[in-house]
Amino acid sequence: SSDYNFILSPEAAPKRSPLSFLRSGNSMTKWLAVVVGGAIVLVVIIVILASAFLGSSNDTKALTSLAQQQNELVRVATEATNSAINQPIKDLAVNVSLSLTSEQLQITNYLAQHHTKLSSRQLAQTKNTTTDQQLAAATAASNFDQVYVEITQNALKSYQQSLEQDIKSTTNATVKQLLSQDESNSQLLLSQANSAAQSLQG
């Protein structure tokens, strides 16, 4: 009968809104819920923005340092192309100059696209005057090739270590890919430097 309709066809329970609790209770509870919720959202946004900014800042510093290392290797290699005696040493100097000039251009272009333009003066800040003194003394002692190769081997090892460290630390996929290619090239150059050193011992 109709007396039992409420059992056979019960009305659906009213749906509760996720924020329905704000319409109940005292005003202090409502106010605290809004404040706490807003604070959590704000903290999440700040953490995300800070992480992105910090990562970008670290990449800029790392890439700047790498470009400076590249600049010094190219500078010394340019001198070696004119002063080296043996062909394997000349070939090494040419390859170092060409390869690292190309890598430096890629890095400086990337930085420029991300609002950091490096001047020639900034790139030359890591110029090593001790290297110049060593090469001048080597020229006077007719020992330029050996000294240049030793300097280049050490510089390439240091450069490779910097690349490996920066590849691990960056979270930017583009930067990681760029540096991974540079790291592969540095291995080839170091291998050539080792071969050039052996040629002087033959």
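**Entry 1**

Ser 142 sits in the loop between helix 5 and helix 6. I took helices (H or I, at least four residues) and strands (E, at least two) as DSSP runs, numbered from the N terminus. The phi of Ser 142 is positive, about 55 degrees, although the residue is not a glycine.

I note that the model is predicted: local features need pLDDT of at least 70, side-chain atom pairs count only at pLDDT 80 or more, and totals for chains, interfaces and linings use all residues. Residues are numbered from 1 along each chain as its sequence is written, and side-chain values use heavy atoms, with hydrogens and water left out.

I then looked up His 115, which is not a glycine and has a positive phi of about 70 degrees. Most residues other than glycine have a negative phi. His 115 belongs to the loop between helix 3 and helix 4 (120-123). His 115 counts as exposed because its relative accessible area is 77%.

**Entry 1: the protein as a whole**

I recorded seven helices and zero strands, in the order α-α-α-α-α-α-α along the sequence. Of the 202 residues, 32% are buried. The protein exposes about 13,100 Å², of which carbon and sulfur atoms supply 57%; accessible areas come from the Shrake-Rupley method with a 1.4 Å probe, and for residues only the protein chains shown count as cover.

For contacts (heavy atoms within 4.5 Å), I looked at sequence separation. Among contacts with a separation of 6 or more, 73% join residues 24 or more positions apart.

**Entry 2: helix 5**

Which end-to-end distance does helix 5 reach? Its twelve residues, 129-140, reach 17 Å from the first C-alpha to the last, close to the 16 Å expected at 1.5 Å a residue. The expected span is 1.5 Å times one less than the number of residues.

I found Thr 131, Leu 135 and Ala 138 buried in helix 5. They lie on the same side of helix 5 because they cover an arc of only 60 degrees around the axis, the arc being that of the directions from the helix axis to the C-beta atoms. An α-helix has 3.6 residues a turn, so residues three or four places apart point the same way. Gln 133 and Ala 140, on the other side of helix 5, are exposed.

The N-terminal end of helix 5 is capped by Asn 128, with a side-chain oxygen 2.9 Å from the backbone nitrogen of Thr 130. After helix 5 comes Ser 142, the residue of my first entry.

**Entry 3: the nonpolar core**

I looked up the largest nonpolar core, which has 38 residues. Such a core is a set of buried Ala, Val, Leu, Ile, Met, Phe, Trp, Tyr and Cys residues joined through side-chain atoms within 4.5 Å. The residues with the most contacts inside this core are Leu 63, Val 96, Ile 107, Tyr 148 and Leu 179. At least two core residues come from each of helix 2 (27-83), helix 3 (87-113), helix 5, helix 6 (144-169) and helix 7 (173-201). Helix 6 gives the largest share, nine residues.

Which residues does Val 96 contact, leaving aside neighbours within four places in sequence? I listed Leu 73, Val 74, Ala 77, Thr 101, Tyr 148, Thr 152 and Leu 189.

Ala 67 lies in helix 2 and counts as buried because its relative accessibility is 0%. Not counting residues up to four places away in sequence, Ala 67 touches Gln 104, Ile 107, Leu 118 and Leu 123.

In helix 6 I looked up Val 149, buried at 1% relative accessible area. Beyond four places in sequence, Val 149 touches Ile 89, Leu 92, Ala 193, Ala 196, Ala 197 and Leu 200. Val 149 and Ala 193 are 44 residues apart along the chain, and their C-alpha atoms are separated by 6.4 Å.

Ser 162 is also in helix 6 and is buried at 18% relative accessibility. With residues up to four places away left out, Ser 162 touches Leu 66 and Gln 69.

Methods. Buried means under 20% relative accessible area, exposed over 50%, partly exposed in between (1.4 Å probe, protein chains only). A polar contact is a pair of N or O atoms within 3.5 Å; within protein, one must be able to donate a hydrogen and the other to accept it, and residues adjacent in sequence count only if both atoms are side-chain atoms.
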